[in-house]
Amino acid sequence: MADMTVEAGAAAPTTMPRRLSEGWFAWALIAPAMLFIGVIVAWPLAETLRLSFTDANLGGEHWVGWANYQALWDSSPFAQTIGRTFYWMVLSVCLKLILGLIGATLLNAAVPGRGLFRVLVMPPWVIPIAIGCIGWLWLYNGHFGMLAGLAQRWGLIGGPFEFLAYKQSAFYSAIVTDVWVGTPMVSLFFLAAMQGVSRDLYEAAWVDGAGRWYRFRRITIPQIMPVIVSMALLSAIWTFNSFEVIWILTQGGPRGATTTLIVDTYKTAIGNYKFGEGAARAVVIVVLLASFSLIYLFFLNKVNRKYGVK
Amino acid sequence: MATLDLQNISKSFGAAKVLQDISLAIQDKELVVFVGPSGCGKSTLLRIIAGLEEATTGQIVIDGADVSGAHPVDRGISMVFQSYALYPHLSVFENIAFPLRVQKMADAEMRKRVATAAEILQLTDKLPLKPGQLSGGQRQRVAIGRSIVRNPKVFLFDEPLSNLDAALRGDMRVELSQLHRELSATMVYVTHDQVEAMTMADRIVVLNKGKVEQFGPPMELYHHPATKFVAQFIGQPNMNLLSGTVKGVGPEGLAVEVTGGTVMTLPVEAGGTRAGDKVDVGIRPEDIGLGAGLRMNVNVLERLGGQSITYGLLADGARFCATLDGDAAVREGEAIDLTVDPADCHVFNANGDVLRRLKAPELTR
């Protein structure tokens, strides 16, 4: 017993400082990253939260408690904006996923010139969004745009038609452009997932007599389902926050027809200098996106379990 | 079940000739193993039979019907893949039932067939599980189950045991042989493992560089290899080959001078060989015993229990291997004297073709 005590006592001075220094070393390693995250994420988030309880504007700020949130809650235009944002997001994401899946399937098919098609699908994603959107502005132009020109030539419309001047057409035009921007990446992610599916699975199914559609339905889709779910969430977040497309095409107009939450927040905070009210809107966005992420994690786990992904 | 005839099958990928004029007649209920080194074309030949590849020339005839251009389903074949090709998102039941669902078979009949296959393969309690929850051997059985439910005319196996560890491979070998007997099915089995080929096959096809080197029962290939390639491929450890010169030809065989000036009279047919011709003398390690004859310096000794495998060099520097008794008094670094019965020797002419042995053992299957 006495020996053991002596040994423990003797060991302590050599191991304790080492443990301590290892701990400090570990903290030193992650400190830059923590500092970075603190400066660009945590502090702005905390500041936004604080501002949302004030009436901050160019003239100063006063604590107003929940007043900004109460105003949002009572505002029917804001409720409409939320509804419009969700409609925008669901429609755009669904189109991106469907077109992305079709595109990936075509790009994965053993057709001549497949490599060229894979390159051609990239431009919408590769060129800056602003440049792409300015191109679409021209396409939608009633007098000089190609769409109106073709529609007139084919007799679909009687005269010039400004796609971005009317509420409904502006909204759906913005969706078309957003889908054009977002689909290539979805397609490439799906293509990568499809290429990861073992060729043996298809050959085994083919030997068993499964046709093309059957193989797609019972092998391809289940095998890439985790990627589909992941892309659905990422795409939903990006589309929810999509600002450039709407701002360049319509600036949220006409008469608010294309104003989504993020555009509304920008207009309030930056356009009208109502930083406090803008911050409250930003907090609502954060809460909604956090909810998406939680739902996504729940579904992803479920899908992974169902489709045998570890 | 059915017969399978391959008639003049050739396959080229661009300029590369992978298979050259292969003709084989596989009988009903026979288990034939295609064996050969990597790149010899054995898997390609199997895929051509399955309909996954198209032969450049030649016909595939199953049960008298030319199925060369037919879909795999219409050929009446089923295939077990090296990777098992199980659908990870489907249960064992659904994996086995997959081909039947494709056929839109009635539910009751499908369940009956899956249950029967599962019972044969001892998978009944695993039916609700996913492939990821099974061991390697169980996954292999599920893949076989998927083949069985279709009642195919010919079963095709593409290196089905190569992903298993050695112990499990041994067990599965026995199970597959048993399954073959139970199903009385025509089976074609591809492997690069000559032990699998020897233990399971009714007949073995040895392929090399896209050509059939020999097609026959395992013990025929062992005792009467047609070529030097087959002789070296079949048997474990590999057959020793000693360069020799024919000194004389007589009714009792050839007098051949091998390493160190030793002249042996080997009982083989002369087959046009004359005095002065160069030949190779093949000696299987297991035909060698301790005794005066060849002197070998032992470099490596492997004690396997029942056997001791010794590797070393002969006086002229030729590498040599002998399988001795487990307790043989041999040590690494020492020289030992080895002897062999001339009747056990194989002789190959300069083209690598065998000179037929006169005193080979009776063939057993």
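**Figure 1. A loop residue of chain B with positive phi.** Glu159(B) sits in the loop that runs between β7 (154-158) and α6 (166-183) of chain B. This view, like the others here, comes from a predicted model. Look at the backbone of Glu159(B): its phi is near 40 degrees, a positive value in a residue other than glycine.

**Figure 2. A strand residue of chain B with positive phi.** Here we turn to Asp21(B), which belongs to strand β2 (residues 16-26) of chain B. Its phi is near 50 degrees, again a positive value in a residue other than glycine.

**Figure 3. The cis peptide bond between Gln236(B) and Pro237(B).** Gln236(B) and Pro237(B) are joined by a cis peptide bond, with omega at about -5 degrees. To find the spot, follow the loop between α9 (228-233) and β11 (240-250) of chain B, where Pro237(B) has its place. In the domain assignment of chain B, domain 1 covers 4-232 and domain 2 covers 237-355.

**Figure 4. The two domains of chain B and the contact between them.** Taken over C-alpha atoms, the centres of domain 1 and domain 2 of chain B are separated by 37 Å. In the contact, 9 residues of domain 1 of chain B meet 11 residues of domain 2 of chain B. The area buried between these two domains of chain B is about 910 Å², and carbon and sulfur atoms give 48% of this area.

**Figure 5. Helices α3 and α4 of chain B.** Helix α3 (residues 92-102) and helix α4 (residues 107-120) of chain B have axes that come within 10 Å and cross at roughly 130 degrees. The two helices, α3(B) and α4(B), are therefore oblique to each other. The crossing in which α3(B) passes α4(B) is right-handed. From α3(B), the residues in the contact are Phe93(B), Ile96(B), Ala97(B), Leu100(B) and Arg101(B). They meet Asp107(B), Met110(B), Arg111(B), Arg113(B), Val114(B) and Ala117(B) of α4(B). Sorted by class, this contact of α3(B) with α4(B) has 7 nonpolar and 4 charged residues, with no polar ones.

**Figure 6. The interface between chain B and chain A.** Now we step out to the place where the two chains meet. Chain B brings 26 residues to the contact and chain A brings 21. The size of an interface is often given as the accessible area lost when the parts come together. Between chain B and chain A, the buried area is about 2000 Å², of which 60% is given by carbon and sulfur atoms. On the side of chain B, His89(B), Phe98(B) and Val102(B) supply 27% of the area buried against chain A, more than any other three residues.

**Figure 7. Helices α3 and α8 of chain A.** As α3(A) passes α8(A), the crossing is right-handed. By class, the contact of α3(A) with α8(A) has 18 nonpolar, 9 polar and 3 charged residues.

Methods. Residues are numbered from 1 along each chain as its sequence is written. Chains are lettered from A and ligands numbered from 1 in the order in which they are written. This is a predicted model: local features need pLDDT of at least 70, side-chain atom pairs count only at pLDDT 80 or more; totals for chains, interfaces and linings use all residues. Side-chain values use heavy atoms; hydrogens and water are left out. Axes are lines fitted to C-alpha atoms, for helices over the stretch in contact, and angles run from 0 to 180 degrees between N-to-C directions. Helices (H or I, at least four residues) and strands (E, at least two) are DSSP runs, numbered from the N terminus. Angles under 35 degrees count as roughly parallel, over 145 as roughly antiparallel, 65 to 115 as roughly perpendicular and the rest as oblique. A crossing is left-handed if the near helix is turned anticlockwise from the far one by less than a right angle, and right-handed if clockwise. Contact means heavy atoms within 4.5 Å. Ala, Val, Leu, Ile, Met, Phe, Trp, Tyr, Cys and Pro count as nonpolar, Asp, Glu, Lys and Arg as charged, and the others, Gly among them, as polar. Domain bounds come from an automatic or database domain assignment. Buried area is the accessible area (1.4 Å probe) that two parts lose on being put together, summed over both.
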